[in-house]
Structure formats: C-alpha cells, structure tokens
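Me: Can you walk me through this structure? I'd like to go contact by contact.

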Amino acid sequence: QVQLVESGGGLVQAGGSLKLSCAASGRTFSSYAMGWFRQAPGKGRECVAAMRWTGYTTYYADSVKGRFTISRDNAKNAGYLQMNSLKPADTAVYYCAADPTTAHALGVMPGSDVDYWGQGTQVTVSS
C-alpha cells in the first residue's frame, strides 16, 4: 500500500521560511515523479514543484521560482520542499504527490490524474 505522509507545515510570518517533508513508502518510486501541489480556499489544486526520483530535471510554477526548492533523499525515500521568502499568497494546504511520469508532466497534470496523494499539510503565511 502506497503512503505519502507530509510534515513540516505551520504558521509563519511573511518573508519567513518553512521546509516540508514527504515520507514515501509502499513501492519503488524510481520510475516516478514526485511533486508538491497546493490548494488555497476556493481555488483549484496547482503543482508548485516537481522532480523525478531519479535524475535532476525539475518543474517549478512561475509563482514560486527563485523562492521554493524541491529536493529528495533516495536513501530515505523522502522528498522535500524548501520554501523561502513566503508570502500570504502562499497560504494553502500543501500535498505531496507521486505519478509514473516526468517532472514537467506532473507539473501540468490535472489533480484527478495523479496516482498517489498525501493527506496534506497546512501552510499559513501571515502578513
């Protein structure tokens, strides 16, 4: 049974930083891409960053380029999202996701097509 478990969300002031973690288990993810999506109240779910579990190709949404960094630790089967210079507009529930595709494809994939999701972690940025 595949499990993706996020942690690291919380409340932070604008300009601050947070690092999200995603612990993956239940299968081999070498042919998968791992991504971070977010959903703000009243809005759709969007991918902010993605990368393959092998290789170094990444995808970033324009809204987070230069501020967010996605990374992984294959030995730990873990993924991370370092978020710097946070803005109130970054407030959302953040989800870890995995799908057997490329980083870019996961970045533009409708949420309904993604194979696996975590339960989400709340990130709130105060002004």
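This is a predicted model: local features need pLDDT of at least 70, side-chain atom pairs count only at pLDDT 80 or more; totals for chains, interfaces and linings use all residues.

Me: Salt bridges, then. How many salt bridges are there?

Reply: The count comes to 4 salt bridges.

Me: Which residues are linked in a network?

Reply: Arg38, Glu46, Arg67 and Asp90 are linked in a network of salt bridges.

Me: What's the distance between Glu46 and Arg38?

Reply: Their side chains meet at 2.8 Å, N to O. Glu46 is partly exposed, with 33% relative accessibility. Arg38 is at 7%, so Arg38 counts as buried: the cut-off is under 20%.

Me: And how far apart are Arg38 and Asp90?

Reply: The closest N and O atoms of that salt bridge are 2.9 Å apart. Arg38 and Asp90 are both buried.

Me: Where do Arg38 and Asp90 lie in the fold?

Reply: Arg38 is in strand E4, and Asp90 is in the loop between E8 and E9. The pair therefore ties together parts 52 residues apart in sequence.

Me: What about Asp62 and Lys65, buried or exposed?

Reply: Both Asp62 and Lys65 are exposed. They form a salt bridge too, with the closest N and O atoms 3.1 Å apart.

Me: Switching to rings. How many aromatic pairs?

Reply: The structure holds 5 aromatic pairs. One of them is Phe29 with Tyr32: the ring centres are 5.6 Å apart and the planes are at 80°, so the pair is edge-to-face. The cut-off for that label is over 60 degrees. Phe29 and Tyr32 are both buried.

Me: Why is the pair of Phe29 and Trp53 called tilted?

Reply: Because their planes are at 40°, with the centres 5.8 Å apart. Stacked needs under 30 degrees and edge-to-face needs over 60. Trp53 is buried, as is Phe29.

Me: Which loops do Phe29 and Trp53 come from?

Reply: Phe29 lies in the loop between strand E3 (18–25) and strand E4 (33–39). Trp53 lies in the loop between strand E5 (45–52) and strand E6 (58–60). So this pair ties together parts that are 24 residues apart in sequence.

Me: Which residues form the aromatic cluster?

Reply: Phe29, Tyr32, Trp53 and Tyr116 form one cluster.

Me: Which rings have a charged end over them?

Reply: Trp117 has the charged end of Arg45 over its ring, 4.5 Å from the centre. Tyr56 has the charged end of Arg72, 5.1 Å from the ring centre.

Me: On to packing. Which residues touch the most other members of the largest nonpolar core?

Reply: Trp36, Val48, Phe68, Ile70, Leu81, Met83 and Tyr94, out of 29 residues in that core. E3, E4, E5, E7, E8, E9 and E11 each supply at least two of the core's residues.

Me: What does Ile70 touch?

Reply: Leaving aside residues up to four places away in sequence, its contacts include Met34, Trp36, Ala49, Met51, Tyr60 and Leu81.

Me: And what's in the second core?

Reply: That separate core has 10 residues, including Ala33, Phe37, Cys47 and Ala50.

Me: Last one. Where does Thr121 lie?

Reply: Thr121 is in strand E11 (residues 121–126). Its relative accessible area is 11%, so Thr121 is buried.

Me: Which backbone nitrogen lies 3.3 Å from a polar side-chain atom of Thr121?

Reply: The one of Gly9. Beyond four places away in sequence, Thr121 also touches residues including Glu6, Leu20, Ala92 and Tyr94.

Note on methods: Residues are numbered from 1 along each chain as its sequence is written. Side-chain values use heavy atoms; hydrogens and water are left out. Rings of Phe, Tyr and Trp (its six-membered ring) pair if their centres lie within 6.5 Å; planes under 30 degrees apart count as stacked, over 60 as edge-to-face and the rest as tilted. Buried means under 20% relative accessible area, exposed over 50%, partly exposed in between (1.4 Å probe, protein chains only). Helices (H or I, at least four residues) and strands (E, at least two) are DSSP runs, numbered from the N terminus. A charge sits over a ring if NZ of Lys or CZ of Arg is within 6 Å of the ring centre and within 35 degrees of the ring normal. A polar contact is a pair of N or O atoms within 3.5 Å; within protein, one must be able to donate a hydrogen and the other to accept it, and residues adjacent in sequence count only if both atoms are side-chain atoms. Contact means heavy atoms within 4.5 Å. A nonpolar core is a set of buried Ala, Val, Leu, Ile, Met, Phe, Trp, Tyr and Cys residues joined through side-chain atoms within 4.5 Å.
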